[in-house]
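Subject: Structure handover

Hello,

Here is the structure, with notes to follow. Please look through it before reading on.

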Amino acid sequence: MTIMIPAAPAVPAVPAVKPMDDDSTSSVPLTSYAPLTSPVLPAQPASRVPSVPSGLSAPGFPEEQVRTRARTGSAAVFPDPAAYGARLFGPAPAAHGGDALDRTRIVPPVFMPERLEKLIDLAREPEFGDVDLTARVGGFTARLPLYLSAFGSTRAGSGDLAVHASRQAARLGIPMVIGENMVPVHGYRKAGDATRSALRARVEAYLEAVPDGAGGIVVQQSTEDADSEVWNLLYSDPAFRPLLETGRLAFELKTGQGAKPGLGGMTVVGRAEAEQLARRFTVQEVFGEDAPQRLRCATPGTFTEEILRQQLRFMRNNFPKARTWVKFHPGRDIDRAARTAWAAGADAVTVDGAEGGTGWAPGVFLDQVGLPLAECLRRIGRPDGCLLATGGVWEGGRAVRALALGANAVGLGRAALVAVDEDPEHGLERLVEALALELRLLISALGKYTPAALAPDDLWDPAQGAVPC
């Protein structure tokens, strides 16, 4: 089996980034990802794939399909080959369900001038393997138009699963976002400290595996993070200097999330932890006075156009070597918010659709609050800068639709955690292997050969009888 992920892009060489071991004095060489033709990550039967006994589940999400891809990789893109010649295949009954983005059809044209250009360039008929998936993602070079979404300080997103996901994202050469409240909740290890923080564990795992010239680390900051001076800690830490020097560190201003638009972060904590966190967070006894759990609540922050502009100006002035990202919840004025951020110099704007979210949230928010990702992208229209999209992405079709509607890259959140839960060593890589194959097949079918070439006229919305934009 050959992996369908491109070889390292042609970018200037950068110094190797050593793992953030405060006791280490030697530079550790970085691992390059396998070239396109190297046979790696063989599919494994379910009985041979180690599963983390975490009890992780994702109701309302195609969990079983994701787990299958985490086990079998690109084989999951096609029907069972054992049925070849004995079964007639057609669309599945549920193929037209899902949300507005899923219901949008991908519609190749008959006449393909860009395929002709590729044919002339190659001096042969183009194939789907000729699609170049390299992308610019918020100022970083990524080997695929993907990034690892923020997990934050939830139990599922800040433990071993997140560390395994970080390492695999690094090997894939895609950026990784570290979510809010990691430092206020879990602390931050400095030189000489005996305790290893969750944030540092994820960063170290990423740096051990990321190839030269690709990927990057993005660290969110919310209101409570600002009180802990998270960005100042990282920017002044000598261990982060190689990332700054190679342009592979970004700070993301978090103004909201798809799981609970308009609210701040929420996690469930035990009584002892609640007492410790009560100094920085609001802690509520919503589960009953005798319950062992407490609800820890963070504040969402207050923003106007001017406050947003000032915040981004502050970030650019105080951290000039770090890229500047901003993340918005799926608000009704998302178009104005995104353009305000780009005008203020943001390197990337992340839109978290209402289908997204890996964190704890009230059920009424999960079911009833926020714009769907398709509507967010429709309202933004042609973006003024780098646009990143998250919300229920797990396979190539949904990714292609988001890219055609203006996104430069899409984020993997729940899908990444489920895949790593299925196989901590290679689950995310196999999931992405399948997704990358689908991207190449679909983009090639549209007569195009880069994700940036996708456009709204590659889609048809049956509800509107026209393209969504």
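This is a predicted model: local features need pLDDT of at least 70, side-chain atom pairs count only at pLDDT 80 or more; totals for chains, interfaces and linings use all residues.

Residues are numbered from 1 along each chain as its sequence is written, and side-chain values use heavy atoms, with hydrogens and water left out.

Helices (H or I, at least four residues) and strands (E, at least two) are DSSP runs, numbered from the N terminus. Strand 11 (residues 323–328) is largely enclosed by the rest of the structure, because five of its six residues are buried (under 20% relative accessible area, 1.4 Å probe, protein chains only). Strands pair if DSSP finds at least two bridges between them. Strand 11 pairs in the parallel sense with strand 7 (residues 249–254) over five bridges, and W325 is the bridge partner of E252. Strand 11 also pairs in the parallel sense with strand 12 (residues 348–352), over four bridges; here K327 stands opposite T350.

Rings of Phe, Tyr and Trp (its six-membered ring) pair if their centres lie within 6.5 Å; planes under 30 degrees apart count as stacked, over 60 as edge-to-face and the rest as tilted. The count comes to eight aromatic pairs. W231 and F319 have ring centres 6.0 Å apart and planes at 80 degrees, so the pair is edge-to-face. W231 lies in helix 8 (residues 230–236) and F319 in the loop between helix 11 (305–318) and strand 11, 88 residues apart. Both residues are buried. Y235 and F319 are also edge-to-face, at 5.2 Å centre to centre and 65 degrees between the planes. Ring pairs link W231, Y235, F251, F314 and F319 into a cluster.

Regards

How values were computed: Buried means under 20% relative accessible area, exposed over 50%, partly exposed in between (1.4 Å probe, protein chains only).
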